[in-house]
Amino acid sequence: MRKIYKPSLFFLSLIPLIVIVYKTFTNNLGPEPIKEITHHTGEWALLFIVFTLAMSPLKKITNLNIWVSFRRMFGLFAFFYASLHLMTYVGLDYRFDLENISKDILTKKFIFIGFAAWLLFVPLAITSSKKMMGILKHNWKKLHRLTYVIAIFAVVHFIWLVKRDLTEPLIYFFIILVLLAFRINFKFFSKIS
């Protein structure tokens with residue numbers, strides 16, 4: 001089943017990239033093309049963070065291990081789209097003007113927390129292979145718990161970015177809280193009561 005589903009999911013995960021590349025080449029990005037690319041890549045990075053977090057709860061709910069086999073791929077796609085999101089801002093929006101980018105990181109809180117989320121993503125992407133799992137052993141799980149921090153930082157980045165209608169970022173925030181709640185050890189609470 002994995003041999004069938006994994007390539008299919010990999011191709012589906014590339015569709016957001018194909019869509020934005022197609023829109024770019026057909027000049028169909030609207031009046032603010034850089035803003036459109038930034039929003040598109042940022043939203044898909046957040047969606048893939050949600051997909052990654054959803055795999056363990058789906059395993060618990062369905063009693064099927066297959067979900068966990070997709071987690072690493074979704075996590076890497078989250079990093080991929082987050083990197084495209086960052087590079088759109090750095091390369092297209094600011095044209096690698098490091099002085100102004102640095103000022104933005106230090107003065108604009110939504111950029112600071114978004115950049116912090118991406119930085120936390122880097123060690124997870126580097127250590128995502130089975131070889132690194134073997135090298136790090138029990139420390140690998142501890143390191144990859146940073147995913148929870150990244151998810152919170154990413155959704156806070158979205159909340160701080162939006163100035164008026166907070167509906168969409170708050171929906172993401174609620175979904176992430178629910179997915180993180182699945183990781184609470186409910187046996188601990190049952191012992192207390």
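The model is a predicted one, where local features need pLDDT of at least 70, side-chain atom pairs count only at pLDDT 80 or more, and totals for chains, interfaces and linings use all residues. Residues are numbered from 1 along each chain as its sequence is written, and side-chain values use heavy atoms, leaving out hydrogens and water.

Helix α2 covers residues 33–62 (helices are DSSP runs of H or I with at least four residues, numbered from the N terminus). Its 30 residues should span 44 Å at 1.5 Å a residue, and the end C-alpha atoms sit 42 Å apart, which agrees; the expected span is 1.5 Å times one less than the number of residues. There's a bend of about 30° at Met-55, with Pro-57 following within four residues (the bend is the angle between axes fitted to the seven residues ending there and the seven starting there).

The whole structure holds four salt bridges, each a side-chain nitrogen of Lys or Arg within 4 Å of a carboxyl oxygen of Asp or Glu.

Technical notes:
Helix = DSSP H or I, 4+ residues; strand = E, 2+ residues; numbered from the N terminus.
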